[in-house]
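Could you walk me through this protein chain, one question at a time? I'd like to see how each answer is reached.

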Amino acid sequence: MSLPEVYAQLFKYIDSHRDEYIEELREAVAVQSVSGSPERRKDTCRMVDWTAKKLQKAGCEVTIRDIGFEELPDGSELPLPPVIFATLGSDPKKSTICIYGHLDVQPASVEDGWESEPFSLTERDGKLYGRGATDDKGPVLCWIHAIEAYNAMGAEIPVNIKFILESMEESGCLGLEELLAAEKSSYLSDIDYVCVSDNYWVGTEVPNITYGLRGVCEYQIAVECAKQDLHSGLYGGAVHEALGDLVYLLNTLTDSEGNILIPNLLESVAPVTSEETDLYRSITFDLNEYRRTIGGNKLRHNEDKIQLLMHRWRYPSLSIHGIEGAYSGSGLKTVIPGKVIGKFSIRTVPNQQTNEVNEMVISYLEHKWKERGSPNNFKITVDPPGDWWTEDPFHPHYTAARRAAKHVYGVDADLTREGASIGVVSILKQILQKNIVLLPVGASDDGAHAQNEKINIRNYIEGTKLFSAYLYEVGQI
């Protein structure tokens with residue numbers, strides 16, 4: 001029985017199990033799988049076991065892969081949570097899809113400003129609030145529920161599936177790249193396509209499919225003027241103050257419109273094609289809602305939709321994030337910081353090369369430091385980068401994903417890029433060299449990593465339908 005013949009039945013089955021799916025998400029959210037907390041490592045491993053049992057019940061062959069230890073700051077070692085490999089089907093006549101997801105979450109507590117207990121799923125106004133509800137436990141459960149729906153309807157899934165479910169994504173994917181590289185010629189040898197659902201819609205009503213991510217290069221500038229903080233009444237006017245030097249350097253990075261002032265940084269950026277511009281023109285994007293969400297007065301680029309989205313997604317941007325060592329409490333503290341560290345990053349895009357960007361940044365800052373003429377100590381530190389990623393949005397894999405979205409939502413999904421970085425996507429691309437589609441189910445206001453993270457019930461249930469349709473449509477390529 002082909003899926004188009006049973007779409008109505010399949011979707012009806014998913015709708016009828018709405019309450020059951022919500023209860024399963026409630027169970028998942030209750031497990032405090034905070035990967036960045038050593039105290040929660042047992043809970044993180046418990047989440048792995050819980051998910052493995054769900055996959056086995058859905059008919060998958062599950063293997064738990066150990067990935068070694070994490071060295072803690074005190075020198076001790078803590079076992080990393082294992083990675084789930086789960087296989088469904090091995091028919092050589094079918095394409096094989098690799099599905100990636102993660103089971104760990106960011107820290108959360110009521111004291112952070114949550115309106116309800118973050119690890120107790122709470123329904124309000126058609127929304128399900130809880131840490132991990134949208135990032136990424138909800139989407140992982142959507143995949144499992146889609147498979148269960150096929151099984152219940154007696155419909156054959158026209159693709160083979162291989163899951164990669166990790167539990168260190170929120171902590172830098174520790175151990176994953178080495179595992180995947182080692183499995184390139186075995187578990188991952190027959191992959192045809194890759195699907196990741198770990199991002200979000202551009203808005204709240206129209207679905208989108210993502211074909212590009214920016215990379216990120218991170219920097220720290222340290223300026224030291226004294227061996228300790230100094231009283232401004234005793235030393236003000238007598239020393240070359242480090243904070244003044246740092247503010248000067250940070251202020252030379254961009255102009256008032258946010259244009260990057262580092263010479264030659266934009267030269268290697270891939271030119272915009274007319275075909276690409278047409279994609280941006282058709283994207284559903286509410287500028288007023290975006291501005292209201294931010295709480296700002298006016299957006300850049302004269303609030304032109306195409307230019308604004310391109311500068312969010314496909315052009316580099318430079319952001320200053322903070323200053324370590326400077327007094328940031330309330331009131332005034334008349335101290336001269338002995339050492340301050342300024343932190344900024346550059347979001348990179350095709351076809352920028354990380355090593356070239358780093359060289360330009362270092363050379364520029366060294367020139368500006370010399371120009372400043374300060375006698376203070378100055379040092380630039382380059383943190384590990386994240387690579388950009390992009391795909392051909394007109395690839396048959398993307399066409400299949402758009403057909404699936406049209407079946408579920410009744411509208412054409414927008415083809416979009418995204419301004420953030422998802423490190424695992426670059427890892428998967430580098431190792432597998434296969435077409436990857438980012439197929440989000442969450443809305444733009446879900447608040448991943450923030451207080452009151454949620455997933456709309458509509459998105460959770462329709463996301464299950466989306467994945468069930470996607471599996472069929474990819475099988476028709």
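Here are some questions and answers about this predicted model.

Q: Which residues does the domain assignment give to domain 1 and domain 2?
A: Each of these domains is written as two stretches of the protein chain. Domain 2 takes 216-263 + 315-385, and domain 1 takes 5-213 + 388-475.

Q: How many residues does the contact take from domain 1 and from domain 2?
A: Contact here means heavy atoms within 4.5 Å. By that cut-off, domain 2 gives 8 residues and domain 1 gives 6 residues.

Q: What area do domain 1 and domain 2 bury between them, and how do the residues on the side of domain 1 divide?
A: The buried area between domain 1 and domain 2 is about 490 Å², with 53% of it on carbon and sulfur atoms. On the side of domain 1 that touches domain 2, the residues divide into 2 nonpolar, 3 polar and 1 charged.

Q: How many salt bridges and how many residue pairs in polar contact are found between domain 1 and domain 2?
A: For salt bridges between domain 1 and domain 2, the count is 0. For polar contact across this interface, with both residues at pLDDT 80 or more, the rule finds 3 residue pairs.

Q: Where does UniProt place the feature "domain: Peptidase M20 dimerisation"?
A: This annotation comes from an unreviewed UniProt entry. UniProt places the feature at residues 211-371.

Q: Why can Glu 371 and Lys 368 meet in a salt bridge, and in which helix do they lie?
A: Side chains of opposite charge can pair when their charged atoms come close. The side chains of Glu 371 and Lys 368 meet at 3.1 Å, N to O. The two residues are 3 residues apart, about one turn of the helix, and both lie in helix α11 (residues 354-372).

Q: Which residue does a cis peptide bond join to Asn 351?
A: Asn 351 has its place in the loop between β15 (339-348) and α11. Omega of this bond is about 5 degrees, and the residue joined to Asn 351 is Pro 350.

Q: What is phi of Cys 173?
A: Cys 173 sits in the loop between β8 (160-166) and α5 (176-182). Its phi is a positive value in a residue other than glycine, near 55 degrees.

Definitions and conventions: Residues are numbered from 1 along each chain as its sequence is written. This is a predicted model: local features need pLDDT of at least 70, side-chain atom pairs count only at pLDDT 80 or more; totals for chains, interfaces and linings use all residues. Side-chain values use heavy atoms; hydrogens and water are left out. Domain bounds come from an automatic or database domain assignment. Buried area is the accessible area (1.4 Å probe) that two parts lose on being put together, summed over both. A salt bridge is a side-chain nitrogen of Lys or Arg within 4 Å of a carboxyl oxygen of Asp or Glu. A polar contact is a pair of N or O atoms within 3.5 Å; within protein, one must be able to donate a hydrogen and the other to accept it, and residues adjacent in sequence count only if both atoms are side-chain atoms. Ala, Val, Leu, Ile, Met, Phe, Trp, Tyr, Cys and Pro count as nonpolar, Asp, Glu, Lys and Arg as charged, and the others, Gly among them, as polar. UniProt positions are given in the numbering used here, feature names are shortened, and annotations may be inferred rather than shown by experiment. Helices (H or I, at least four residues) and strands (E, at least two) are DSSP runs, numbered from the N terminus.
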